[in-house]
Amino acid sequence: MGNFKPVPGNIICDALKDEKTIIMACNVRVTKGILRGIFKAAKKSDSVVMFELAKSESNPDGGYTGLKPKDFSEQCRETASEVGFDIWALHADHLTIKKGTPEEIEEMKKLIDVLVKADYTSFAIDCSFLFDFEKNTVEEELSKNIEVTAEIAKYIEEKMQGKEFGLEVEVGEIGKKNESGMVLTTPEEAVVFIKELNKRKVFPNLIAIANGSTHGNIYDERGKATEQISINIEQTIAVGKALKKEVSNTRIAQHGITGTPRELIKRKFPVEFILKGNVGTFWQNIFYEVLKTMNHELYEEITKWTLENFREKAEKAGCKSDEEIIGKYIKYASGAKDENGKLLFFDKIYSLEKNIEKALEARAYSEALIFFESFHAVGSAEKVRQHLKRIKG
Ligand SMILES: [Zn+2]
């Protein structure tokens, strides 16, 4: 029997930080078939993989996926063991603090207790909302983010009781726009942020920056789905270079990859600076594409629910078509509850027939292989195994 428990995120990052490879991190919001497909592709290509869900997606109430941290962790561990794949991490994505109030921080600490108990091996603290645009210097703009990020990082360290873990932090809000377009993280912001955290004895492996991507599916002004080609490669390289020069051990985590053409990722992404790439909505899109054909009745039920419940909100937010409303809001379906707290679609989704599960698995398998290839990740797991051998002596 091998050991198929999740590997600490910091060990994976340390092993690969100068290997010109991107670790794929998958937010698998609907795990049915898809989790196994990705694990099998990781094994086939010997690529490191991370599985992650954000606080909004998974928490002790279920979150919008309906998966509690313990459920997600168990499913990942069981699948790793069934497939027989060893080099993967369990990451808590977007542990988001929006205001930085004591109550909010307390609530976050309770969630961290749950995550640590569920064997998470990596954590992303996201206090990017605390960036203060009113201030004049970079230090002042970032001071609240630095302070709260450090407090939460210390808390994780304490709770992990000497166990190793990966740490990601977030300097600029992903997808934020102002009058002149996307707000981009500057090299100075990234460097000051990490240096200040280092001064407080917090040493992140990864930093999420705002570099032109948007979370989720994107649409044009008529509400038609479009590809994402907005990631600013030049700015990413500038930030990456500054980080390597000034703080050495922290690499970039690229958020919001869904919709970015894979050949563009493969040819243009600066792999010497980007170490982790998050792919979330893509896997959910696969689920609904397969469901649309293989169980049209449930697909109709879910899309009807999405349109009924989110049309008003979506139109206020500028959605231009039913396609766009569904693409942006269907994520809330799998964990949706009725007024009595009963899950609406969860049991139907997770009891779908075997042939549908197989199709989902096969589809996820082939897509994951393409991602690993475009992330230059094929063979990366062996590099981590070698690193593990070295550090364990
Ligand atoms: Zn993200």
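I began with overall size. A compact globule of 393 residues would have a radius of gyration near 21 Å, and the protein chain has 20 Å, which agrees. I note that this is a predicted model.

I then looked up the extents. Along its principal axes the C-alpha trace spans about 55 × 55 × 45 Å. I checked burial next: 48% of the 393 residues count as buried.

Secondary structure came after that. I find 14 helices and 12 strands in the protein chain.

I turned to contacts along the sequence. I took those between residues at least 6 apart, and 78% of them join residues at least 24 apart.

**Domains**

I looked up the domain assignment. Domain 1 is given as 9-283 + 354-392. Domain 2 is given as 296-351. Their C-alpha centres lie 26 Å apart.

I went on to the contacts between the two. On the domain 1 side I find 15 residues, in contact with 15 residues of domain 2. I sorted the residues of domain 1 that touch domain 2: four are nonpolar, seven polar and four charged.

**Helix H1**

How many of the eight residues of helix H1 are buried? I get seven, so H1 (residues 9-16) is largely enclosed by the rest of the structure. I wrote down the buried residues by name: Gly-9, Asn-10, Ile-11, Ile-12, Cys-13, Ala-15 and Leu-16.

Technical notes: Residues are numbered from 1 along each chain as its sequence is written. This is a predicted model: local features need pLDDT of at least 70, side-chain atom pairs count only at pLDDT 80 or more; totals for chains, interfaces and linings use all residues. Domain bounds come from an automatic or database domain assignment. Two residues are in contact if their C-beta atoms, placed from the backbone, lie within 7 Å. Ala, Val, Leu, Ile, Met, Phe, Trp, Tyr, Cys and Pro count as nonpolar, Asp, Glu, Lys and Arg as charged, and the others, Gly among them, as polar. Helices (H or I, at least four residues) and strands (E, at least two) are DSSP runs, numbered from the N terminus. The radius of gyration is taken over C-alpha atoms; the globule rule is 2.2 Å times the number of residues to the power 0.38. A residue is buried if 20 or more other C-beta atoms lie within 10 Å of its own, exposed if 12 or fewer, and partly exposed in between; C-beta atoms are placed from the backbone.
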